[in-house]
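Please find below a note for a colleague who is meeting this structure for the first time.

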Amino acid sequence: MHDQETPEALVEWLAAMLLIREFEEQAERASLRGKVPGGVHPAIGQEAVAVGAMRALGPDDIVTGGHRPHHHALARGVDPARLMAELFGRETGLGHGIAGSMHLSDFSRGYYGSNGIVGASLGLAMGAALGASMRGTGQVAVGFVGDGAANTGRTWEFVNMAVIWNLPLIAICENNLYAVETFIDNVMGGKSMVRRAEGFGIPAFEVDGQDIHEVNRAVATARERALAGDGPTFLEMRTYRYHGHETGDKGVYRTADEVDRWRTERDPIARLASSLQASGDLSEQGLTELQEQAVARVADALAFADESPWPSASTAPHPTDREGSAR
Ligand SMILES: Cc1ncc(C[n+]2csc(CCOP(=O)(O)OP(=O)(O)O)c2C)c(N)n1
Ligand SMILES: [Mg+2]
């Protein structure tokens, strides 16, 4: 346990993970009801990566993400109601209802946003790190990508530039083992993402992404290095998504047993909850209350989104678009 891991902080981390899980469950259900134009890419199972990482950052640090971004946004403190409203394509959403699930941003939270181009988020974070470095602001930039991105050229171009310019960048690869239906071990030449990263001269470490303590410490250490002027770090977080790649994916490319094993043996929420209970820092009733709070906040977010107006003609992408579409 390091300084930051007080019992109060750990309970807050747990609450943040519970909120993400409930949000993602309900967002996916709403999407199946036709409420979310374009569908969603849920990050259920990957909560510890987002919360552990964000809790190691300062308020002015910068975060970017890709097509599976809700957990990052929520962990960074983005308002769940405005996030849900964005998914629903409503005027009250983070992007006034015309950006959608993959194009979130909230600059007031240092959340410079998500986008759907696999690997591109790392370039945005690298550029933000360059800006921070040139201005001497003392900010660190964190870019989240997936294992699929680790097989695209742009990811390594950004890593290379961060190395040669010694930028305050933390590159986090959420290795959830699949890029849509492609299993990472079948497509990772050289078999090791960390070794590949090291080839570019960046310190690289594999982290158990289902252990929030390990995630937090790895990011805190990378941030200290960046702030000390020692440059970027690459972190491969081993994690897993329990649900399909996106709304409607039936997951035929993996076995139910595999999903069950990750859920029952390594679940990041269950792990933190049981260790807090074992240490006496959280009672059974306390856990129930946290779960109820998450359910209530997401229910409020759904109601807010549903009751919010569609974007006005002046902010909609095109006046002839169908009502509410967010292309
Ligand atoms: C440049 C680019 N190529 C292809 C796609 C289509 N695509 C969307 S998600 C995805 C898989 C990404 O897998 P990974 O990076 O592992 O992220 P995960 O979905 O597991 O979070 C692909 C190929 C895209 N969005 N952008
Ligand atoms: Mg993946």
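1. The model is a predicted one, in which local features need pLDDT of at least 70, side-chain atom pairs count only at pLDDT 80 or more, and totals for chains, interfaces and linings use all residues. Residues are numbered from 1 along each chain as its sequence is written, chains are lettered from A and ligands numbered from 1 in the order in which they are written, and side-chain values use heavy atoms, with hydrogens and water left out.

2. To which sheet do these strands belong? Six strands form an open sheet in the order E2-E1-E3-E4-E8-E7, with parallel pairing; two strands count as paired if DSSP finds at least two bridges between them. Strand E2 (111–114) and strand E7 (204–208) stand at the edges with a single partner strand each, so one side of each has no neighbour in the sheet. From one strand to the next, the twist averages 20°.

3. Strand E4 (residues 169–175) is also joined to E8 by six bridges, and these two strands run parallel. Two of the bridge partners in E8 may be named: Leu235 for Ile172, and Met237 for Glu174.

4. How is E4 covered? Seven of its seven residues are buried, where buried means under 20% relative accessible area, exposed over 50%, and partly exposed in between (1.4 Å probe, protein chains only). In a regular strand the side chains alternate between the two faces of the sheet. In E4, one side carries Leu169, Ala171, Cys173 and Asn175 and the other Ile170, Ile172 and Glu174, all of them buried. As for E8, five of its six residues are buried, so E8 is largely enclosed by the rest of the structure.

5. Helix H5 (residues 120–135) lies across strand E1 (62–65), E3 and E4, and runs at about 170° to E3. Such angles run from 0 to 180 degrees between N-to-C directions, with axes fitted as lines to C-alpha atoms, for helices over the stretch in contact.

6. The largest nonpolar core has 63 residues, and those with the most contacts inside it are Leu14, Leu83, Met84, Leu87, Ile172, Val219 and Leu235. A nonpolar core is a set of buried Ala, Val, Leu, Ile, Met, Phe, Trp, Tyr and Cys residues joined through side-chain atoms within 4.5 Å. Helix H1 (residues 7–32) gives the most to this core, with 12 residues. Apart from this core lies another, of 33 residues, among them Ala125, Trp156, Leu177 and Val259.

7. Leu19 is found in helix H1 and is buried, with a relative accessible area of 9%. Leaving aside residues up to four places away in sequence, Leu19 touches Pro80, Ala294, Arg297 and Val298, contact meaning heavy atoms within 4.5 Å. The C-alpha atoms of Leu19 and Ala75 are separated by 9.0 Å, although these residues are 56 residues apart along the chain.

8. Which residues coordinate the magnesium ion (ligand 2)? They are Asp147 (OD), Asn176 (OD1) and Tyr178 (O), at 2.1 Å. Donors are N, O and S atoms within 2.8 Å of the metal (3.2 Å for Na, K and Ca), and sites may look incomplete, since water is not among the atoms. Asp147 lies in the loop between strand E3 (141–146) and helix H6 (153–164) and Tyr178 in strand E5 (residues 178–179), so the pair ties together parts that are 31 residues apart in sequence. Asp147 is buried, with a relative accessible area of 2%, and Tyr178 is buried at 6%.

9. The buried residues of H9 are Glu258, Val259 and Trp262. They cover an arc of only 100° around the axis, which puts them on the same side of H9; the arc is that of the directions from the helix axis to the C-beta atoms. These buried residues pack against E5, whereas Ala256, Asp257, Thr264 and Glu265, on the other side of H9, are exposed.

Technical notes. Helix = DSSP H or I, 4+ residues; strand = E, 2+ residues; numbered from the N terminus.
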